[in-house]
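Please keep the sequence and the model in view while reading.

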Amino acid sequence: MEKLLKNKKGFGITEVLISALVLGFLYLALLHMQVGNREALLRIRGRDGAIEVAQQVLDSLNRIGIESIPSAPTSSTSFELEKISRSWERGTKVGGGTSTIEYTPTVTVAPTNDYTAAGESIYEPVSHVYAKQVSVQVSWQFKGSTQSINVSSVIR
């Protein structure tokens, strides 16, 4: 009986190698998850910057008024604005430095009868546009592909 107990005092080489292999796979999975989280964070920051740019464009269009926004009565009118860059400081845990993304906003003004008042007098028909449907598409490059968002609003 004592002979059997003396042989069971520690781990064998096979058990140690299997344990090291399992820990190695767990470590690789953890590294892969960190890379995925870093890319998700960059994608989210890019989208948040695009939303900020779209809102800035809509606010600017609202400030200048509907008379200054070019539109056609029967077809959509699109125009591209100058590129807008956004930068932010990256944390030291991800290598530090600054990240910069260039956004390309495109404004589309769609014709609609919902925001047109029409009337008639004895002299002439009268039509007045009191609001315009505006859609802003902001696009940017991320890892070799083009990402974009659309934000719509009514400018009065």
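## Surface patch

Which residues form a nonpolar patch on the surface, and what is their accessible area together? The patch is formed by L21, F25, Y27, L28 and L31, with about 540 Å² of accessible area together; patches are made of residues with over 30% relative accessible area and no salt bridge, like charges being joined within 9 Å and nonpolar side chains (Val, Leu, Ile, Met, Phe, Trp, Tyr) within 5 Å, and areas come from the Shrake-Rupley method with a 1.4 Å probe, where for residues only the protein chains shown count as cover. Y27 belongs to helix α2, residues 13–64 (helices, H or I of at least four residues, and strands, E of at least two, are DSSP runs numbered from the N terminus).

This is a predicted model, in which local features need pLDDT of at least 70 and side-chain atom pairs count only at pLDDT 80 or more, while totals for chains, interfaces and linings use all residues. Residues are numbered from 1 along each chain as its sequence is written, and side-chain values use heavy atoms, with hydrogens and water left out.

Leaving aside neighbours within four places in sequence, V138 is in contact (heavy atoms within 4.5 Å) with residues including A50, Y103 and Q147. Q147 itself lies in strand β7, residues 145–155, and its side chain makes polar contacts with the side chains of R43, at 3.4 Å, and S145, at 3.0 Å; such a contact is a pair of N or O atoms within 3.5 Å, where within protein one must be able to donate a hydrogen and the other to accept it, and residues adjacent in sequence count only if both atoms are side-chain atoms.

## Salt bridges

There are three salt bridges, each a side-chain nitrogen of Lys or Arg within 4 Å of a carboxyl oxygen of Asp or Glu. K143 and E39 meet at 3.2 Å, N to O; K143 lies in the loop between β6 and β7 and E39 in helix α2, so this pair ties together parts that are 104 residues apart in sequence.

E52 pairs with R86, with the closest N and O atoms 2.9 Å apart, and D48 pairs with R47 at 3.8 Å.
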